[in-house]
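Please walk me through this structure in the viewer. Tell me what to select at each stop and what is there.

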Amino acid sequence: MTEMNENPLDLLPEVLLAASAVLGLLLGSWLPRARQWAVGLLAVLACVTGIVAAAVAAAEPATTAFGEAFAVDTVTGASRIVVLGGTLLVLGVSFSSLRGDPRESEFYVLVQLAALGALMMAGTQDLLLFAAAYLLASIPAYTLAGFRKDGPGTEAALKYYVVGALLGVLLLAGVTVLYAAGQATLYPMLGDALRDAPEPLIAVGAIGLLAGVLFKAGGVPAHFWVPDAVQGSSAPVAALLTTLPKIGALAALFRVGDAVFAGSPLPWPALIAVLAAASMTLGNLGAFFQQDVKRLLAYSTISQVGYLLMPVAVVDRSDLAQQALLYYLAAYTVTNLGAFAVVCALPQAHTLDDYRGLAKDRPLLAASLVVCLLGLVGTPPTAVFLGKLQAFAAVFDGGYAWLAVLAAVNTVASLFYYLRWIVPAVSRDASRTSPGLAEGDRTARVVAYAATAVSVGLGLAGGPVLDALAGPMSP
């Protein structure tokens with residue numbers, strides 16, 4: 001272990017977000033209801049400042065902080081920028097719908113705390129810190145799922161909490177077993193110790209750890225909460241649940257696979273590859289005949305976890321794995337949030353048929369929806385297209401060609417249910433225009449346009465971005 005480094009500036013983006021959440025909670029207690037938007041503005045400022053701080057830190061050599069418990073490297077830097085950027089988009093689609101709400105400031109604080117948990121999961125190199133970050137990312141999300149206090153929101157929060165509590169206990173049990181097997185919690189030390197540990201003990205600990213991580217990511221077999229929680233939550237919360245926790249969880253799983261299980265006797269790559277195949281396939285099958293747009297996007301996000309797990313499976317087998325995962329995370333985040341921004345912009349449209357005639361009434365919004373949905377399929381020139389290519393290349397390079405073939409088949413199959421949404425949206429039959437398009441959220445429309453532009457721009461600038469994501473992980 002290196003000398004203890006307790007410089008808080010190494011965690012400046014996290015400190016800014018935590019300070020903003022605490023200050024926002026205090027301000028919300030004193031500000032009149034009509035001025036609680038100031039707490040949201042403070043959250044936006046914290047995110048923007050955090051992105052700048054993360055970009056500056058990413059230009060420095062990889063290092064660790066607080067006795068190697070937290071890594072400041074390329075994976076952490078990219079995850080910081082993606083999480084904070086995603087948080088900005090979530091805040092953007094929330095402003096109009098929350099204006100004047102008696103708990104407006106509480107919403108902004110909970111969003112920041114959930115994002116902070118995702119940031120800590122992405123950078124942690126210690127099992128105990130990971131467990132704490134997992135809880136920090138989970139508890140505010142449970143509250144957000146039931147924030148509206150209506151029937152669907154309460155049901156969503158209850159299902160989310162019950163499944164999360166069960167799998168959270170399994171995660172803590174897995175952490176305990178891994179500590180017993182390796183007598184260490186720091187990833188580098190634990191990885192060295194597990195090479196000689198009993199394989200059954202490693203397997204039990206790894207399964208418990210995976211249960212919790214896959215719950216946060218929304219992957220099979222811990223995906224049962226996703227459709228109901230996403231459908232029952234408000235659209236901004238649904239956007240958060242399907243993106244921010246996933247970033248932290250998958251970055252953490254990538255780091256664990258590289259530092260802890262790469263040299264262990266456990267067949268870690270094969271296990272992750274099977275979970276990836278199951279997630280992309282079952283997610284697509286569940287999405288095929290959905291009518292509710294949020295439920296369709298919920299199954300879509302389960303399938304996307306499968307593609308995102310592909311580079312995680314070959315973390316120690318391919319040099320392309322890190323670039324593929326980080327780029328795909330950024331691409332998926334902005335594209336998925338763009339699709340949800342369209343849903344937020346049309347709060348009265350709940351089913352696929354409610355979007356009929358969107359191209360006639362709101363052509364720019366329809367264009368954003370089409371670009372984002374085709375982007376989730378992996379259509380050029382959107383960023384997800386390049387992300388999928390990188391993921392395919394990584395698993396081919398890592399010796400899992402069968403997984404790449406299965407992913408290609410699932411990609412083609414996913415076009416079916418996205419087209420079921422696109423076709424009515426681009427229909428120009430005026431006599432069948434849905435009344436759900438009559439009203440809309442202007443701020444959410446702006447966010448949808450911005451997310452669509454970033455998705456396309458990120459795809460066009462893929463080369464330089466991929467080069468920037470090839471930096472080393474912490475020593």
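Begin with the salt bridges: the count in this predicted model comes to nine.

Stop 1: Select Asp73 and Arg255. They form a salt bridge, with the closest N and O atoms 2.9 Å apart. Asp73 sits in the loop between β2 (70-72) and α3, while Arg255 belongs to helix α11 (residues 244-259). The pair links distant parts of the chain, 182 residues apart. Both Asp73 and Arg255 are buried.

Stop 2: Show helix α6 (residues 151-182) and pick Glu155 and Lys159. Their salt bridge has its closest N and O atoms 2.9 Å apart. The two residues are four apart in the helix, about one turn.

**Stop 3: from α6 to α9.** Asp228 lies in helix α9 (residues 225-232) and Lys159 in helix α6, so the bridge ties together parts 69 residues apart in sequence. Asp228 is partly exposed, at 25% relative accessibility.

**Stop 4: the largest pocket.** Select Gly77, Ala78, Ile81, Val82 and Ala330, which lie nearest the centre of the largest pocket. This pocket holds about 710 Å³ of space, and 32 residues line it. Which helix gives the most to the lining? It is α3, with 10 residues. Colour α2 (37-58), α3 (74-98), α14 (321-345), α19 (442-460) and α20 (462-468) too: each supplies at least two lining residues. By class, the lining has 23 nonpolar, seven polar and two charged residues.

**Stop 5: the second largest pocket.** The space here is about 530 Å³. Select Ser97, Arg148, Ser234, Ala235 and Pro236, the closest to the centre among the 26 lining residues. Helices α3, α10 (235-241), α13 (293-313) and α14 each supply at least two residues of this lining. The largest share, three residues, comes from α3. Colour the lining by class to find 13 nonpolar, six polar and seven charged residues.

Methods:
Residues are numbered from 1 along each chain as its sequence is written. This is a predicted model: local features need pLDDT of at least 70, side-chain atom pairs count only at pLDDT 80 or more; totals for chains, interfaces and linings use all residues. Side-chain values use heavy atoms; hydrogens and water are left out. On a 1 Å grid over the protein atoms alone, a cavity is a set of points where a 1.4 Å probe fits but cannot get out, and a pocket is an open set with protein on both sides within 12 Å along at least five of seven lines; lining residues have an atom within 4 Å of a point. Grid points are joined across faces, edges and corners, and a volume is the space filled by probe spheres set on the points. Ala, Val, Leu, Ile, Met, Phe, Trp, Tyr, Cys and Pro count as nonpolar, Asp, Glu, Lys and Arg as charged, and the others, Gly among them, as polar. A salt bridge is a side-chain nitrogen of Lys or Arg within 4 Å of a carboxyl oxygen of Asp or Glu. Buried means under 20% relative accessible area, exposed over 50%, partly exposed in between (1.4 Å probe, protein chains only).
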